[in-house]
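Look at the model first, then read on.

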Amino acid sequence: MTAVPRPPRLPPDELAAALSGLPLWSGDGEGIRRSVELPDFPDAVAALVRMAFVAEQLDHHPDVDLRWRTLHLTLVTHSAGGVTELDLELARRIDALFPG
Ligand SMILES: C[C@H](O)[C@H](O)[C@H]1CNC2=NC(N)=NC(=O)C2=N1
């Protein structure tokens, strides 16, 4: 299998600029974070499944902590050791699914 090239870590100024356009997200070069609260636990599981399809499309996957009806998401490009453009793209797609 051919490895997919991963983009480099974003410089801090570019990350800060990107985060100002993603008001539901916060974080730093180690990861960007957002919580998504659903009406109940089954809806939260269903939301995670919807995200799973987006993640597979991008071949980029969120770190997820599911607590009752809230998904706590952290996006980081593990292979790059920090936040990259891929995390921003996944964040935008998650926001399109769950505008908050
Ligand atoms: C082979 C495959 O492209 C890699 O393992 C991908 C899969 N999804 C991933 N997701 C995230 N968040 N970071 C990665 O480094 C990563 N690597």
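A residue counts as buried when its relative accessible area is under 20%, and as exposed when that area is over 50%. Between these values it is partly exposed. By this cut-off, 35% of the 100 residues of the protein chain are buried. Keep in mind that this is a predicted model.

## The chain as a whole

The protein chain has three helices and four strands. Along the sequence they follow the pattern α-β-β-α-β-β-α. The radius of gyration is 13 Å, close to the 13 Å that the globule rule gives for 100 residues, so the protein chain is as compact as a globular protein of that length. Its C-alpha atoms fill a box of roughly 40 × 35 × 20 Å along the principal axes.

The accessible surface of the chain comes to about 5,800 Å². Carbon and sulfur atoms account for 59% of that surface.

## Around the ligand

Which residues surround the ligand? They are R6, D59, H60, H61, V76, T77, H78 and S79. By type, this shell divides into one nonpolar, five polar and two charged residues.

The table sets them side by side.

| Residue | Atom of the residue | Atom of the ligand | Distance |
|---|---|---|---|
| D59 | polar side-chain atom | oxygen | 2.5 Å |
| H60 | N or O atom in the side chain | nitrogen | 3.5 Å |
| H78 | backbone N or O atom | nitrogen | 3.1 Å |

How much of the ligand does the protein bury? Taken alone, the ligand exposes 390 Å², and the protein buries 71% of that.

Most residues other than glycine have a negative phi. W68 is another case, with a positive phi near 50 degrees in a residue other than glycine. W68 is found in the loop between strand 3 and strand 4 (70-75). Is W68 buried or exposed? Its relative accessibility is 60%, so W68 counts as exposed.

## Helix 3 and the segment after it

D95 is found in helix 3. Its relative accessible area is 14%, so D95 is buried. What does its side chain meet? It makes a polar contact with the side chain of R34, at 2.7 Å. Leaving out residues up to four places away in sequence, D95 touches L22, L24, W25 and R34.

At 58% relative accessibility, P99 counts as exposed. P99 touches L24 and R34, again leaving out residues up to four places away in sequence. P99 and L24 are 75 residues apart along the chain, yet their C-alpha atoms are separated by 8.7 Å.

Key: Residues numbered from 1 in each chain as written. Predicted model: local features only at pLDDT ≥ 70, side-chain atom pairs only at ≥ 80, totals over all residues. Heavy atoms only, no water. Near = heavy atom within 4 Å. Polar contact = N/O pair within 3.5 Å; in protein donor to acceptor, adjacent residues only side chain to side chain. Areas by Shrake-Rupley, 256 points an atom, 1.4 Å probe, with all protein chains shown as cover. Nonpolar A, V, L, I, M, F, W, Y, C, P; charged D, E, K, R; others polar. Helix = DSSP H or I, 4+ residues; strand = E, 2+ residues; numbered from the N terminus. Rg over C-alpha atoms; globule rule 2.2 N^0.38 Å. Buried < 20%, exposed > 50% of the residue type's maximum accessible area, 1.4 Å probe, protein only. Contact = heavy atoms within 4.5 Å.
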